[in-house]
Amino acid sequence: MQDIGFDSFHSYRSCFPFLTFASFSSSAKVPYRRSAFRLSKPLIGEDGKIYACSEKTLFAFESNGTIAWSLDLDFTCNIGTAPVHGGTGEVYIVAENRVLKVDLLKIGTSESATQVFYGTGSGKGGTGAIAGIAVSTSSSSVYINVKGRALFAFMTHGQLLWSAGPVLDQLGYRQGCTKTDVDCYFTSVPVIDQCEGSIYISNTQGELYSLSAHSPYFNWIQDLSSFDKAFTLTPGNNGYLYVTIPVRALVLALDTSSGNILWHKSVGPLGSAEYAPVVDSNGWISVGSLDGLLYSFSPSGVLNKFSKSDTSDSVIQVSPLLDCSAYAVYISQTEMNQKITRTSGEYTFVSTMNPKSAVFSLLVPSTGAIYWSESYPGQFSSLLSKSDLQHFVLDESLVLAFLTASKTGNPLPCRTKYQKLVASCSQTRPKLPSIYTGNERAILLFLFFESVVLLVLAVLVRFCCIFWRKKKLQGQHLGNFLEKRRSLQLKKKAFDRSITELEKKVAEDAVANEVIEKFSSLVRERRSVERKLSTTYSLGRDEAAASSESKSLPPVYDAKSRSYSFQGAKKESVTIFHTLSATSSAEGSSEREASWVSEDKDQSTAKAKAKAKAKAKAPIKAESSSDGDGIMDKEYRRSPSEPASSSRGFINPLLLKQEKLQDKGEVVESMSSSIRSMPLLKRRRTLSSTN
């Protein structure tokens, strides 16, 4: 009875026998035959053929098991490494610490189809065990990991692009082999993400590296030694990198852009330390376990479990294979005569005895649909046993490869490699570009500086747009414009100071006609300056400012009298009427009285007329306000009933308190309208001054 323990993966292959045709000799009645050849791990080519090495010979098999051709290599192949597809008509093989390049188009011709691409005899590289190779057909590059040395990148025609070790000193920082650089080197087979254009590889200390396919610099390094130092890598080509840790029976999903672990899930015990899952075009990763179940995870970590037969005596010990559509997988489930499972701490041990039969199935992991299933021995296995494969030792992985290449029971249409890649890459999550990978404080400072620059540019653009839209200034220079604008602002400030001083004098009731005339002139000039600043020399903000800052109303001049309105020192609205002469004052008074009488005649009823006249001639009483709000509205106006004076000037102020509409319900209007409809005057004060 074989005991499979995860504390000794290095001896697992030797203690668990291959499932061969001879293993089922009693049930299948196939006579035992000692095979002379053992085949390497197979490669299913795009042409439908299966490529595998044996000793110093490369074989190409048809899907029915017959040998299409064979090629002598002069070097012994590495049984544990499968041939690698290198593009149209090219295959790369690892043999005796060399990498051989086979040109399939030259087979059967007089030219040599094999050449040493790397190692002794090639003029490139040197001694050292080759841990693995990977080929990128999109960039025509070959990546070779030499144990104890470095990762080398070559063009397919042999030119060295770059080489990288596990330690890199960049900008004064040490990257890689953080614990110690003693016996620290790349140890895994390099894998390529065709969508990201990245290479992934691990070292002996359990650190996972991401490198650009075009340079020897590290994108990121993720330390996975807390899980284990030995693991296998599977690119999803969908924005995910899957890491399988056989000792812990874990599957991890990493973000390819940052290396962060997105999720990790537990599975049943795995068959070997080199176990590699597969990822279909739907983004589901499938892992076969010794508990007899197939574990399939979606890109978000959703789990589906599958089993075609009873799992109590079944195991899945070989990796599933993708069909030609890349949406379904072929799996092999082996039934044993006896199976014992025991757990000790974090490790699970599976003991089995003598395989009885096997069940091969084709299913879709994302939906669970099973398209085909056949037991061994069966029709297809009998066909293989009569082919040229009878001269080779067959295990489940080889049988599964021939089933996949023959498309047995597959109703799904096949797709090209390019179509498969497009389908998987389309699932890649959109990523925001990273402009900086430093600390958070530096990023915030950079964003603040960028915001300030953008704000300054926006102000400059707005200023230029405003300036060049002004037709009157299109022929002037910017300097002249700014100088003129500055002089107008200074002039406006001087006017504001002068007007403020005059307003104080008027508020103190100690003014003369000359002061009032000067006040009128200053107001007009300031208005002129404000108009220029808000129109021709505006930067888009003076018009509102001028309207809000102006507290004085423009002078009213009717050739007989002038009026000035402004706000006094006590926030009182003050209106000053200046009569030019006694005659004009009297005439103006008579005209206003006539106007008021004329307006009164337009009333609809006699009662309204009498009431309006009474109000116009009634004596005005001064009332004191008890509101306490401190806001008084004063209007200075000559009373119609007051006799005309022979003086040249009269100042007849009328003080009016305006109460809030929502509080008192009273409406305060001008004197002419108040004679008709004003309900109440809170206070009126008449002032007179004579020159």
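1. Which cysteine forms a disulfide with C324? That would be C414, with the sulfur atoms 2.0 Å apart. Keep in mind that this is a predicted model. C324 sits in the loop between strand 30 and strand 31, and C414 in the loop between helix 4 and helix 5, so the link ties together parts 90 residues apart in sequence. The torsion about the S-S bond is about -70°, so this disulfide is left-handed. C324 is buried at 16% relative accessible area, while C414 is partly exposed at 38%.

2. C195 and C425 are also joined by a disulfide, S to S 1.6 Å. This pair links distant parts of the chain, 230 residues apart: C195 is in the loop between strand 17 and strand 18, and C425 is in helix 5. With -85° about the S-S bond, the link is left-handed. C195 is partly exposed at 26% relative accessibility, and C425 is partly exposed at 24%.

3. C177 and C184 form a disulfide with their sulfur atoms 1.9 Å apart. Both cysteines are buried. The S-S torsion is about -80°, so this one is left-handed.

4. The count comes to three disulfides. With the bonded cysteines numbered in sequence order, the pairing reads 1-2, 3-6, 4-5.

5. Now the sheet: four strands make an open, antiparallel sheet in the order 21-22-23-24. Strands 21 and 24 are the edges, each pairing on one side only. Six bridges join strand 22 to strand 23; T244, for instance, has V251 in strand 23 as its bridge partner.

Notes
Residues are numbered from 1 along each chain as its sequence is written. This is a predicted model: local features need pLDDT of at least 70, side-chain atom pairs count only at pLDDT 80 or more; totals for chains, interfaces and linings use all residues. Side-chain values use heavy atoms; hydrogens and water are left out. Two strands pair if DSSP finds at least two bridges between them. Helices (H or I, at least four residues) and strands (E, at least two) are DSSP runs, numbered from the N terminus. A disulfide is a pair of cysteine sulfur atoms within 2.5 Å. Buried means under 20% relative accessible area, exposed over 50%, partly exposed in between (1.4 Å probe, protein chains only).
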